[in-house]
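Trainee: Can you walk me through this one? I'd like to start with the charged pairs.

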Amino acid sequence: MKKKKRVKEEKSPEKHDKNPPSGRKRKKSSSEHDKAEKNKKMKKDGDPEEKKKEKGKKDEESDKWKWWEEGKSSDTQKWSSLEHKGPYFPPEYEPLPDNICFNYDGQPVKLSPVTEEIATFYAKMLDHEYTSKEVFQNNFFCDWREEMTKEERKLIKTLSKCDFSQIHKYFVEKSEERKNMTKEEKQVLKEEASRLMEEYGYCLLDGHREKIGNFKLEPPGLFRGRGEHPKMGKLKKRIQPEDVTINCSQDSKIPAPPAGHRWKRVQHDNTVTWLASWLENIHGRPKYIMLNPSSKLKGEKDWQKYETARRLKMKVDSIRKQYRRDWTSREMKIRQRGVAIYFIDKLALRAGNEKDDESADTVGCCSLRVEHITLHRRLDAQEHVVEFDFLGKDSIRYYNKVPVEKQVFKNLKLFIKHKDPEDDLFDRITTVKLNKTLNESMPGLTAKVFRTFNASTTLQDQLNKLTTEGMTVEEKILSYNRANRAVAILCNHQRAAPKTFERSMQLLQEKIQKKKEQIEEAKKELKEAKKAHKDAPSDKSKKLLEKKEKAVQRLGEQLKKLQLQETDREENKVIALGTSKLNYLDPRISVAWCKKHQVPIEKIYNKTQRDKFAWAIDMTDENFQF
């Protein structure tokens, strides 16, 4: 046995010692001894690097501007001083290598830089379904030809003869190269992004450093749009400094435009919250660089929005009584207005704006057409059912079968009488007139406030109903997500199932199966431990028995946690919880619920959301009710 032990020690010498004496321990060198002592000290006192990071976080927390403690700002003046560096412009176009060709009718063609750049926009999208759509193809080709030289226009006359395959392949390879970058290469890019963020991503607002939301201007490309947008494929042109208006305070340092350029205009308007503005060429609408959602200006706006929605709670009964009276008015306009407000209240529909022919065919309440509803005297054992089917905001389909009150049903029959399918359902009212009526009922009231009010009320009611004593944190989170889902369904916040959904569910189910097998094995070991303790009781067998019991209990809790995750993921497959959480739900409801039921706020809001709702997290106690 001694001989075997010697052989074993000779086969596995101490690390970093080529010739250790066999059969006895090697003495530690002084440097190793110092290292061991240092490690002991670090364990005792904590890692200095970690401490430094923790200190940095605490300093950041203490430096954070608690603007909500300073009282409400003026409704007209948004800031006293504003200084920033202006927008970051995307880099200029880098021409393709000489060996990458665009072919027309089988022949290579050298394109001018402007024409080539636009060709790359289309080439990058070749494997996307957009480029198979006729509207996209026609819009792209029309805009592309406008940017071509006279000679190129003369030659390139048909899109079907254009061959972008080499360009497409080139960008696919570039994409793969980016994916396969080394850690060091990725670090260089990360550092460059941090440098840009530091230079352009912050401004000074009333002496406080505030984060900017979208400091990078969008690069040129092809417009996609949502759904079957009639302008899909059109060219989004490069924004030049000459297109941009800068807004800053008069005494601040005006941001310098890129070399060789100048700004369209520099203004000092403290009644608006944007830092820079320009007109985009697709719809001719203004676009803005604004502050980050975590900023004072955005936070104040959110706070005010939810306070207005809370005020509606005191007025909603009288508003409901009024629109019910309107259903029987002798004036058709008033009847239509009463039914429209009822839909906005009951179904949380958006008001809907007037659209031109060049916009996507999306509608809201006031722009509903006869073809968007079907009336059923009786359907699915319910009376007076209205079947809605239309495209809402972002071309998301709204489909719902809703039982309505008898008088509403009668009015709808009256509204559609003698009308064609493409005629307006509410032809006597507009969104502007409807919001004017709502504002007369309560200052600041709009269709959106109604939507926020109903969303927040639904969340509060559902949380009160679904949360019970004795729940685990995981069960409470499932309840919260179910309450949030009720709001998302009310507001029609849908999404397509994520591409990775099936795979992630499969992996989760494999974990569940593995955990079940571990439980079976642990139960067998527990049974054996019980038998051994019964046959020959001792302190050792008792400790082993307790250990096995705890293992079975721990594995059972882990299985329950995984099964709750599976249920949650399946239920949220096609529901977008984030939209309502960020835009329609008073964050104070969630914060109060977390504090009351001892749920970490990190389980409900991620870091970005916690920054956005810092005001609510700081000011709300567990007794808050919407």
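Mentor: A salt bridge here is a side-chain nitrogen of Lys or Arg within 4 Å of a carboxyl oxygen of Asp or Glu. This is a predicted model, where local features need pLDDT of at least 70, side-chain atom pairs count only at pLDDT 80 or more, and totals for chains, interfaces and linings use all residues. Residues are numbered from 1 along each chain as its sequence is written, and side-chain values use heavy atoms, leaving out hydrogens and water.

Trainee: How many salt bridges are found in the whole structure?

Mentor: The search finds 32. In one of them, aspartate 345 meets arginine 320, at 2.7 Å from N to O.

Trainee: Which helices do aspartate 345 and arginine 320 sit in?

Mentor: Aspartate 345 is in helix H10 (residues 332-347) and arginine 320 in helix H9 (residues 296-326), 25 residues apart. Helices are DSSP runs of H or I with at least four residues, and strands are E runs of at least two, numbered from the N terminus.

Trainee: Is aspartate 345 buried or exposed?

Mentor: Aspartate 345 counts as buried because its relative accessibility is 5%. Buried means under 20% relative accessible area, exposed over 50%, partly exposed in between, with a 1.4 Å probe and protein chains only. Arginine 320, at 26%, is partly exposed.

Trainee: New topic: which residues of H7 are buried?

Mentor: Ile167, His168 and Tyr170 are. Seen down the axis of H7, the buried residues fall within an arc of 160°, so they line one face; the arc is that of the directions from the helix axis to the C-beta atoms.

Trainee: And which exposed residues are on the face turned away?

Mentor: That face of H7 carries Lys169 and Lys179.
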